[in-house]
Amino acid sequence: MRTSKPISVTLGRQQSSLDARLASGAYDSASEVMRAALRALDREEQVIAAIMRAKVQEALDDPRADIPAEDVFKALREHHADRMKVATRDA
């Protein structure tokens with residue numbers, strides 16, 4: 001019994017990428033290409049999640065004192081205002 005079901009996919013600009021893979025002989029079917037692409041996407045998402053977990057842990061382990069949110073937002077507002085001045089001047 002089949003555990004998957006047929007689907008229709010519109011690839012747009014990626015169609016040429018799929019066609020090239022089929023033409024090269026690296027894959028026998030569009031289904032194989034799609035399965036490989038989904039496996040690659042799964043690996044990419046796992047790597048990104050691991051990086052994010054490491055960054056969060058790094059921040060939690062940082063021994064420096066916390067910066068008050070008001071100070072952070074004040075600095076962000078100042079930075080944004082400075083960037084807007086430059087953008088307006090350069091326009």
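1. In this note, Ala, Val, Leu, Ile, Met, Phe, Trp, Tyr, Cys and Pro count as nonpolar, Asp, Glu, Lys and Arg as charged, and the others, Gly among them, as polar. The model discussed here is predicted.

2. The largest pocket holds about 390 Å³ of space. It is lined by 14 residues, and I7, V9, A30, S31 and M34 are the closest to its centre. By class, this lining divides into eight nonpolar, three polar and three charged residues.

3. Which helix gives the largest share of the lining of the largest pocket? That share, five residues, comes from α2. Helices α1 and α2 each supply at least two residues of this lining.

4. Next, the two helices themselves. Helix α1 covers residues 15-24 and helix α2 covers residues 30-61. Their axes come within 10 Å and cross at roughly 115°. The crossing is right-handed. On the α1 side the contact is made by L18, R21 and L22, and on the α2 side by A30, V33 and M34. Five residues of this contact are nonpolar, one is charged and none is polar.

5. The second largest pocket has about 210 Å³ of space. Its lining includes L18, R21, V33 and M34, and these residues also take part in the contact of α1 with α2.

How values were computed:
Residues numbered from 1 in each chain as written. Predicted model: local features only at pLDDT ≥ 70, side-chain atom pairs only at ≥ 80, totals over all residues. Heavy atoms only, no water. Axes fitted to C-alpha atoms, helices over the stretch in contact; angles between N-to-C directions. Helix = DSSP H or I, 4+ residues; strand = E, 2+ residues; numbered from the N terminus. Left-handed = near helix turned anticlockwise from the far one by under 90°. Contact = heavy atoms within 4.5 Å. 1 Å grid on protein atoms, 1.4 Å probe; cavity = no way out; pocket = protein on both sides within 12 Å on 5 of 7 lines; lining within 4 Å. Points joined across faces, edges and corners; volume = space filled by probe spheres on them.
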